[in-house]
Amino acid sequence: MLQIFCKNTRTTRNFPEGTSLLEALSGFDFEKPYPIVSAKVNNVSQGLKFKLYQNRDVEFMDVRESSGMRVYTRSLCFLLSKACADVFPGARLYMEHPISGGFYCNLRKQDGVEVSEKDIAAIKERMQEIVAKDMIFHRFEVQTDEAIRIFKERGYDDKVKLLATSGQVYVDYYTLGNTTDYYYGRLVPSAGYLQVWDLVKYHEGLLLRIPDHHNPEVLAPFYDMPKTFSMFSENLRWNIIMGLSNVGDVNNACRKGNASELIQIAEALQEKKIVQIAEEIERRYNAEDPVRVVLITGPSSSGKTTFCKRLSVQLKACGLRPVSFSTDDYFVNRVDTPLLPDGSYDFDNFDTVDHDMLQRDVLSLLAGEEIEVPEYNFVTGMREYNGKKLKLRKGTVLLIEGIHALNARLIPQVPASSQFKIFINTLTAASLDNHNAIPTSDNRLLRRIIRDYNKGAFSPRETISQWPKVCEAEEKWISPYQEDADVMFNSAYLLEFAVLRNHAVPILSGIPKNCPEYAEAHRLLKFINYFVPVSDKEIPPTSLLREFLGGSSFKY
């Protein structure tokens, strides 16, 4: 017999050796408002078929937890892949990126004809049949060479390249009926678990819609995001041109000694985009109704600060004189900061910024007056005036950077024609393989862990524990405004994970296994180890990555 301590009930029960998590679940009575789809065993995410042979701590998860949602969406991806293979034999499905409350997919049929509404209806019907039959997901653990042989026989070159460069001795693969696939994390036990989803036509492909993580009984809200979709597509086109559609391609290129050139190309592409943005601002500054204020925002660790500095350099090259401040400088004094329900400070709330005062200062600047800009003291929690004065003279544009910069309530009295809005994000277009898209927030989380650790601001445990609240705040205060931007800038880097690996592995490896944050550290370590490591010595001092790695030529 073995003992299982259930964190959901805070109780311990005895079970026979070899008991599965699914069998153990029935032995614990706790409120389950939504179906349990996975569990954490000693702070490592596992599927419900995982068998226990020693004493373990177990926490059962539904889709509201990020690890549970990943298990559910992976399983949905396999369900879709299976249905596509059944309805269109020989077709290739590409899970490209998350967007609009789901995952955008591209289906390339053998006849080369774009997927139609009729095609999608047939795929959806097959998916529903598989769910109704409650078809079983089977997992097999084999030597990597055996998995490579299996996928090579099936023509899955993307998986062959990924596994061949992974450096792993053993890997898992899955089957659903007669369909074989690879996923880098666990799946639900059977298709019957997948009750909330939809499949719709979206642009040239299809959108696999997933449950809302707040209320898993309904679909995540759909938001049309044409500008974000265009940015993903632009990035993907460049990857295809360079022959780097997936991580296996990137790894092989690095092993051939091409990492330096790829870094140079990535930097050149970002600089080209910044030049284009600067030239557009110059054009609109010299228009009949000139732009005077440039508003810049993006989620945490998207590289806003370095982007502002690089944009300022290019604006000067265009003959303009940029001056800037951050919305953070207009924070209300800490005692006036809004509170969260638990009584802690809500630093991401819009009302954390004294937007009335900020708007008065902007209007004064546009009227030609000189103002003194405050500077927020994060140690004392007080707004201070230290003699920083600004005035918009001829050829001057004002840059305002901050998480609320695109919120329409920030400077509503400033004419829209005078504003130029920029949204920065990290949208990774390359995938692990055709069926394993890279989560778009993983870039930023790894960046933040490394930066916080290097600066001594937060331990990796603290950064990981804060991350869910950071994402919730972004969902509420930042993401709703991204499609309002005049232009979007993608700060994701093709070789970014390969460069971050050398920094992230020792930091994440230091997180103890007996703390809750180890679950996320373990996931990130497993994920980042798919990438062949690349030294950061080729990263230039003006790179966006230097904001997080250190060694930047900019002063922050």
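Analyst: A residue counts as buried when its relative accessible area is under 20%, as exposed when it is over 50%, and as partly exposed in between, with a 1.4 Å probe and protein chains only. This is a predicted model, in which local features need pLDDT of at least 70 and side-chain atom pairs count only at pLDDT 80 or more, while totals for chains, interfaces and linings use all residues. Residues are numbered from 1 along each chain as its sequence is written, and side-chain values use heavy atoms, leaving out hydrogens and water.

User: Is F548 buried or exposed, and which helix holds it?

Analyst: Helices are DSSP runs of H or I with at least four residues, strands are runs of E with at least two, and both are numbered from the N terminus. F548 lies in helix α15, residues 546–549, and it counts as buried because its relative accessibility is 2%.

User: Which residues is F548 in contact with, beyond its neighbours within four places in sequence?

Analyst: Contact means that heavy atoms lie within 4.5 Å. Leaving those neighbours aside, F548 touches S301, G303, R447, I450, R451 and N454. The C-alpha atoms of F548 and I449 are separated by 8.8 Å, although these residues are 99 apart along the chain.

User: How many salt bridges are found in the whole structure?

Analyst: A salt bridge is a side-chain nitrogen of Lys or Arg within 4 Å of a carboxyl oxygen of Asp or Glu, and a search of the whole structure finds 30 of them. In one of these, the closest N and O atoms of E267 and R310 are 3.7 Å apart. E267 lies in helix α8 (residues 259–285) and R310 in helix α9 (residues 304–317), so the pair ties together parts that are 43 residues apart in sequence. Both E267 and R310 are buried.

User: Which residues are linked in a network of salt bridges?

Analyst: Such a network links R70, D442, E520 and R523.
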